[in-house]
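Open the model in your viewer and keep the sequence panel beside it.

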Amino acid sequence: MLFRILGHLRVQEAVEVRSPTRRAILTALLLRSGHPIGMTELAELLWDDPPSSAGANIRSHFTGLRRDLDRAMPGLSHRIKTCRGIRSGYRIEAGPEEVDLPTFVQQSRQGSACLARGEVDRAITVLEDALVLWRGPFGQDLPMTRWFDAHATGLRNGRLDTYEDLFTALLIAGRTEMLSYRIETVIAEAPYRQRLWELLAAVYCVQGDSAGALSVLKRCRTVLVEDLGLDVPPSVEAIRGAALTWDGDEALRLVVGAAAARPLPRVAGAVAGHEAARPLRAAPAPRLTFQERTG
């Protein structure tokens, strides 16, 4: 992978661009790979209130960025192109296979489609591969301007969507060892993702631990009602009903039904030219019953 932006920006796996402004410029070019970014837009994404010297600063940083790229790989600076005319500005030439973000988006969509077709083992493999591309939060070493903040939010949600698809596939496949722990670690990062709570409660239901499921749902209710002031949604109540009746089969059916209703993941604005999301087809019911799975 030539460019990695899912986490600390890296070129050629290990080379770091030291200047924060150059990191921001390179990241912006990679987010819009193949499409030029004009000087005015570059100034606005680097500074919420661009200084009068923004243009001169940007040109100076491009000179330094070219040196950084050649340090990573001789001749790599030629990937940065200066565009003139109506679409004036700068762009970078990088194929989708050379940047981790398009690879992540493609694998995430593929994994979700496999899940929709009931190919859960294949979905697990592809979704795990997609998430391995993340080496830390996006944008932690970038200026938190409105432009980068919007991309950071979109990418973070795309990553969490992929985790939810992965956890769904693992649950349907009956691969629940350490699954509750894995879901808990993501909930700690994103406690307001309702779907994560439902999946965690469903894991306990499928494992025959009704008390554990009800405890999870009680915590979920605290977050939704007390922290956010929301009503408990029907999907949470449905999982609670399955827990109260010790119905692991019903919990599993609810998980499958929710997966069928989800759209394919889409990271808005993250990959220029990426095809629009398509609705999922209904996933087939799991082949084994709850009693068969738990022996």
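**Stop 1: the whole protein**

Show everything as a cartoon. Remember that this is a predicted model. The protein has 12 helices and four strands. It is 295 residues long, and 49% of them count as buried.

The protein exposes about 14,000 Å². Carbon and sulfur atoms supply 51% of that area.

How much of the contact in the protein joins residues at least 24 apart? Take the contacts between residues at least 6 apart in sequence: 65% of them join residues at least 24 apart.

**Stop 2: helix α3**

Select residues 54-72, which make up helix α3. This helix has 19 residues. From its first C-alpha to its last it reaches 26 Å, close to the 27 Å expected at 1.5 Å a residue.

Colour the buried residues of α3: A54, I58, H61, F62, G64, L65, D68, L69 and A72. Look at how they are spaced along the helix. An α-helix has 3.6 residues a turn, so residues three or four places apart point the same way.

What covers the buried residues of α3? Strands β1 (3-4), β2 (10-11), β3 (80-83) and β4 (89-92) are part of the cover. Helices α1 (20-31) and α2 (39-46) are also included.

Stay here and show the side chains of R22, D68 and R71. These residues are linked in a network of salt bridges. D68 is also one of the buried residues of α3.

**Stop 3**

A search of the whole structure finds 17 salt bridges. Side chains of opposite charge can pair when their charged atoms come close.

R79 is at 23% and so counts as partly exposed.

**Stop 4: R193**

Jump to R193, in the loop between α7 (179-189) and α8 (194-206). R193 is buried, with a relative accessible area of 16%.

Show its side chain together with that of D161. The two meet in a salt bridge, 2.5 Å from N to O. D161 belongs to helix α6 (residues 146-172) while R193 is in a loop, so the pair ties together parts that are 32 residues apart in sequence.

Beyond neighbours within four places in sequence, R193 is in contact with N157, L160, D161 and E164.

**Stop 5: T168**

Move along helix α6 to T168. At 2% relative accessibility, T168 counts as buried. Its side chain reaches the backbone oxygen of E164 at 2.8 Å. Leaving out residues up to four places away, T168 touches L115, R195, L199, V255 and A259.

**Stop 6: helix α8**

Two of those contacts of T168, R195 and L199, are among the buried residues of α8. Select that helix. α8 has 13 residues, and 12 of them are buried. W197, Y204 and C205 are among them.

α8 reaches 19 Å from its first C-alpha to its last, close to the 18 Å expected at 1.5 Å a residue. Then find G208, which follows α8 and has a positive phi, near 85 degrees.

**Stop 7: R219 and E184**

Select R219 and E184. They form a salt bridge, with the closest N and O atoms 2.9 Å apart. R219 is in helix α9 and E184 in helix α7, so the pair ties together parts that are 35 residues apart in sequence. R219 is partly exposed at 34% relative accessible area. E184 is partly exposed too, at 24%.

**Stop 8: a surface patch**

Finish on the outside. Select Y192, L228 and L230. They form a nonpolar patch on the surface, with about 280 Å² of accessible area together. L228 lies in the loop between α9 (210-227) and α10 (234-244). L228 is partly exposed, with a relative accessible area of 35%.

Definitions and conventions
Residues are numbered from 1 along each chain as its sequence is written. This is a predicted model: local features need pLDDT of at least 70, side-chain atom pairs count only at pLDDT 80 or more; totals for chains, interfaces and linings use all residues. Side-chain values use heavy atoms; hydrogens and water are left out. Patches are made of residues with over 30% relative accessible area and no salt bridge: like charges are joined within 9 Å, nonpolar side chains (Val, Leu, Ile, Met, Phe, Trp, Tyr) within 5 Å. Accessible areas come from the Shrake-Rupley method with a 1.4 Å probe; for residues, only the protein chains shown count as cover. A salt bridge is a side-chain nitrogen of Lys or Arg within 4 Å of a carboxyl oxygen of Asp or Glu. Helices (H or I, at least four residues) and strands (E, at least two) are DSSP runs, numbered from the N terminus. Buried means under 20% relative accessible area, exposed over 50%, partly exposed in between (1.4 Å probe, protein chains only). Contact means heavy atoms within 4.5 Å. The expected span of a helix is 1.5 Å times one less than its number of residues. A polar contact is a pair of N or O atoms within 3.5 Å; within protein, one must be able to donate a hydrogen and the other to accept it, and residues adjacent in sequence count only if both atoms are side-chain atoms.
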